[in-house]
Amino acid sequence: MTFSPPESVDVVVIGGGVVGCSAAFHLAEAGQRVLLVEKSAIASGSSSKAAGGVRACFSDPVNVAIGKRSLALLADIGQRPGGEIDLHRVGYLFLCTTSSQLDDFAAAVEVHNSLGVRSSMIDVEQAHQLSPLANVDDVLGACWSPDDGTCTPEAVVQAYAAGARRCGAVLMTNTEFVGADVRDGQIYSVEIRSGDESAHVRTSAVVIAAGAWSTSVGEAFGIDLPVEPVRREIIVTGPIPGVDPAVVARSPMTIDAASTFYFHAEGRGVLAGFSDSSVEPGFDLTRDPSYLEKLVELAAFRAPHLVEAEVTGGWAGYYEVSPDHDGIVGQSADVSRLLYATGFSGHGFLQGPAIGEILRDLILDCEPSIDISPLSATRFQTGVRRDERHLV
Ligand SMILES: Cc1cc2nc3c(=O)[nH]c(=O)nc-3n(C[C@H](O)[C@H](O)[C@H](O)COP(=O)(O)OP(=O)(O)OC[C@H]3O[C@@H](n4cnc5c(N)ncnc54)[C@H](O)[C@@H]3O)c2cc1C
């Protein structure tokens, strides 16, 4: 493979995950000359490790709006940019076991409904009918969001990557961003490297979409993007003995709001996980042997049939965690036309489609359809934290 990047482009996108590829597609479709650099392979970072959950049911209105827009884009992906992503709108079901959770989700339902997202609080019997694999003995009620669901993360990223290429974007894999020429608040060029070869590409605009690696990329531009990598694991099972496969297939994304234990149908079995709060931040994807034990303990209570199934696979990836567990999206006040989108803390896969569209609008100096100013990195200097409560 020859290393022959373009000499000059309108925008350089750093990172080939869902956020970078969605941005590259939306920008190239709008006529921008785009170079995307990915230090490894497309979708090799967190995006292909996601559980595939896509939802609009958050507590924070900004996240609800972003999720709603992403769901619309995902539903339309077969037409634009094209591709099959196995979108199953099986719904999200948050099981509540305390009265404060019930109140909290009921307040969120009001936010959802006010923004045009169908959701409702349902009783225990309804929750059990929707998710028969769940043990609801201690459940007081649930939040049900029927238009949410799951899809295949890798397929979404590849759909955007292919669409970007079709619109003329250049996507260079095994190519790392290593530095930038920034003077007096203007970007003049970026330096990229592949193996022993390097090049300077002229540009005046950059999108940082480097996921868990965004802090060091931000430093190259003199901006602070406080993101920490935190290992998260998933397991996948084979068929569940004694359970009708049709029941498994129509299971919603079922989440124990207290423990974050979740499962949804995957292949002939389920995909399951939980966010282990004892994991320390750091770049280490060594799988923890005790994770499966902890997961089995949670499953044995919340979804006992799952414990009978054979574990057929699993993996670990990074959540790119921000100080308040919400996305960091915006443009630098100090460096002109430097945009960033990172820190999604477990909901970046589902936000990527809409975030790419928003980044396009910011580059084109158009008002985005969603006001993302609350997600600016400046919130950490001013001490205004976001308040997303319904994290997984
Ligand atoms: C186990 C697990 C389950 C999850 N489940 C869900 C879920 O159900 N729903 C959901 O919405 N989210 C989920 N997430 C979170 C989601 O995967 C991430 O938030 C999302 O993928 C982030 O996308 P991204 O494009 O920002 O980052 P990434 O996909 O990590 O892409 C960033 C890319 O930047 C590249 N890069 C870094 N530095 C450089 C550089 N210097 N030069 C060039 N390239 C560089 C990396 O190689 C990487 O490919 C989950 C995450 C994990 C780990």
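Begin by selecting domain 1 (11-49 + 154-227 + 324-382) and domain 2 (92-146 + 229-321), whose centres, taken over C-alpha atoms, are separated by 31 Å; these bounds come from an automatic or database domain assignment. Where the domains touch, domain 1 supplies 13 residues and domain 2 supplies seven residues, a contact being counted when the C-beta atoms of two residues, placed from the backbone, lie within 7 Å. On the side of domain 1 that touches domain 2, the classes are three nonpolar, nine polar and one charged, where Ala, Val, Leu, Ile, Met, Phe, Trp, Tyr, Cys and Pro count as nonpolar, Asp, Glu, Lys and Arg as charged, and the others, Gly among them, as polar.

The model is a predicted one, in which local features need pLDDT of at least 70 and side-chain atom pairs count only at pLDDT 80 or more, whereas totals for chains, interfaces and linings use all residues. For your selections, residues are numbered from 1 along each chain as its sequence is written.

Next, select the ligand and its shell, which holds 42 residues, the closest being Gly15, Gly17, Gly45, Gly211 and Gly348; a residue belongs here if its C-beta atom, placed from the backbone, lies within 6 Å of the molecule. The elements that give two or more residues to this shell are α1, β9 (176-183), β13 (228-237), β17 (311-321) and α9, helices (H or I, at least four residues) and strands (E, at least two) being DSSP runs numbered from the N terminus. By class the shell divides into 18 nonpolar, 18 polar and six charged residues, and at least three residues are drawn from each of domain 1 and domain 2.

Now turn to the helices. Two packed helices are described by the angle between their axes and the distance between the axes. Here the axes are lines fitted to C-alpha atoms over the stretch in contact, and the angles run from 0 to 180 degrees between N-to-C directions.

Select α1 (residues 18-29) together with α9 (residues 348-363): the pair packs at an angle of about 40°, with axes 7 Å apart. That angle makes α1 oblique to α9, since angles under 35 degrees count as roughly parallel, over 145 as roughly antiparallel, 65 to 115 as roughly perpendicular and the rest as oblique. The crossing of α1 and α9 is right-handed; a crossing is right-handed if the near helix is turned clockwise from the far one by less than a right angle, and left-handed if anticlockwise. Among the residues that meet are Val18, Phe25 and Leu27 in α1, and Phe349, Ile355 and Arg360 in α9. The residues of this contact comprise 10 nonpolar, five polar and two charged.

Residues to display include Cys21, Ala24 and Ala28 in α1, with Val156, Tyr160 and Ala164 in α5; the contact has 10 nonpolar, two polar and no charged residues.

Finish with two backbone details. A cis peptide bond with omega of about 5° joins arginine 80 and proline 81, and proline 81 lies in the loop between α2 and β4 (92-96). Histidine 325, in the loop between β17 and β18 (328-331), has a phi near 60°, a positive value in a residue other than glycine.
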